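Colleague: Please put the model up, with its sequence alongside. I would like to go through the overall layout, then the backbone, then the charged side chains.

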Amino acid sequence: MANLKEVRTRIASVSSTQQITSAMKMVSAAKFRRAQNAIIGMRPYAAQLNEIIADIDTGDGVLTPYHAVRPVSTVALVVVTSNKGLCGAFNSNVVKLALQRIEHWRSEGATIRLVCIGKKATEQLGKQKDLQLASYDELLDAPAFDSIATLADTLMDDFAEKKLDRVELIYNQFKNSISQVLSCEQLLPVEPKKSVENGEAKANNDYIFEPSKEEILREMIPLTLRSTFYRMVLDSLAAEHGARMTAMQKATDNATELLKDLRLSYNKARQAAITNEIIEIVSGSEALKG
């Protein structure tokens, strides 16, 4: 009977876990829907901005301070993870890629500045030595454009003042509810987005520029960079909720399978115990008859 008690205890424990994972999956599904709508609504705007920049920047030498390419002595790595766990390999994949980029820039002799958005990145990468680390975990609690744009402005100002030579974004790009694309993008310096046809730069649309291209670019590039930064955070949030929803669904399915096996084991053990009792009763009765 002790064996039966152990199995019953384990069945109760797995059932409780199953209820928790199922509830977490439902919560993540609700948050995922909102995050998905946000990033889907943001992408056309970001794509249109990039198209306008590509039409303006046709390779005729019109540049801004954000286009300046110089030897990399100081690089900023913006690493976006989540504040919470239970989302599969979502965080570990980002941390691994960040460590690879850290080793790469160390081998290049560059000074590395880490900008962590998400507690998991801060916890894991904070163990690294000889790194300048800044944490902005609160941005994920309420991802407002103004607060995220403020951080983007800080990085842009440091780049324009030559305190930074390169800025990279490391995050999970949202693809769908069950898959994410691990991404490492260069934010600064800005790479010209010109369209090329037959080896020559060509604009997608014919614009009349008023004022000059340079003045327009000086206004458009910061706006585009802020939008890119904001889109990155929204991408990461949608990918996080999708990963957590998938992880909790798999945990719930595994708990269901485990419960089937445990109930089968319980029934077998119970049947064996009943059979043993019957045998003992019959044996005792036959002994009394003898």
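**Layout, backbone and charges**

Colleague: How many helices and strands are there in the chain?

Modeller: Helices (H or I, at least four residues) and strands (E, at least two) are taken as DSSP runs and numbered from the N terminus. Along the sequence they follow the pattern α-β-α-β-α-β-α-β-β-β-β-α. The count is five helices and seven strands.

Colleague: What pLDDT do side-chain atom pairs need in order to count?

Modeller: Residues are numbered from 1 along each chain as its sequence is written, and side-chain values use heavy atoms, with hydrogens and water left out. This is a predicted model, in which totals for chains, interfaces and linings use all residues, local features need pLDDT of at least 70, and side-chain atom pairs need pLDDT 80 or more.

Colleague: What percentage of the residues in the chain is buried?

Modeller: Buried means under 20% relative accessible area, exposed over 50%, and partly exposed in between (1.4 Å probe, protein chains only). Of the 290 residues in the chain, the buried part is 41%.

Colleague: Which peptide bond is cis, with omega near -5°?

Modeller: Look in the loop between strand E5 (179–188) and strand E6 (195–197), where Pro189 lies. The cis bond, with omega near -5°, runs from Leu188 to Pro189.

Colleague: Where does Leu86 lie, given its positive phi?

Modeller: Leu86 is not a glycine, yet its phi is about 60°. Its relative accessibility is 53%, so Leu86 counts as exposed. Its place is the loop between E1 and H2.

Colleague: Is Lys162, which also has a positive phi, buried or exposed?

Modeller: Phi of Lys162 is near 65°, and this residue is other than glycine. Lys162 lies in the loop between helix H4 (145–160) and strand E4 (166–176). Because its relative accessible area is 62%, Lys162 is exposed.

Colleague: How many salt bridges does a search of the whole structure find?

Modeller: Side chains of opposite charge can pair when their charged atoms come close. A salt bridge here is a side-chain nitrogen of Lys or Arg within 4 Å of a carboxyl oxygen of Asp or Glu. The search finds twelve.

Colleague: Which residue forms a salt bridge with Arg43?

Modeller: The N to O distance in this bridge is 2.7 Å. It links distant parts of the chain, 192 residues apart: Arg43 in helix H1 (residues 2–56) and its partner in helix H5 (residues 213–289). Arg43 has 28% relative accessibility, so it counts as partly exposed.

Colleague: Which residue forms a salt bridge with Glu168?

Modeller: The closest N and O atoms of the pair are 2.9 Å apart. Glu168 is in strand E4 and its partner in helix H2, 67 residues apart. Both residues are buried, Glu168 and Arg101.

Colleague: How many residues apart in sequence are Arg226 and Asp153?

Modeller: Arg226 and Asp153 form a salt bridge, with the closest N and O atoms 2.6 Å apart. Arg226 lies in helix H5 and Asp153 in helix H4, so the bridge ties together parts whose separation in sequence is 73 residues.

Colleague: Which residues gather in a patch of positive charge on the surface?

Modeller: Patches are made of residues with over 30% relative accessible area and no salt bridge; like charges are joined within 9 Å, and nonpolar side chains (Val, Leu, Ile, Met, Phe, Trp, Tyr) within 5 Å. Lys and Arg count as positive, placed at NZ of Lys and CZ of Arg. One member, Lys84, sits in the loop between strand E1 (74–80) and helix H2 (90–107) and counts as exposed because its relative accessibility is 55%. The patch is Lys31, Arg34, Lys84 and Lys119.

Colleague: What distance separates the C-alpha atoms of Leu182 and Ala98?

Modeller: Leu182 is in strand E5; its relative accessibility is 37%, so it counts as partly exposed. Leu182 and Ala98 are 84 residues apart along the chain, and their C-alpha atoms are separated by 11 Å.

Notes: Accessible areas come from the Shrake-Rupley method with a 1.4 Å probe; for residues, only the protein chains shown count as cover.
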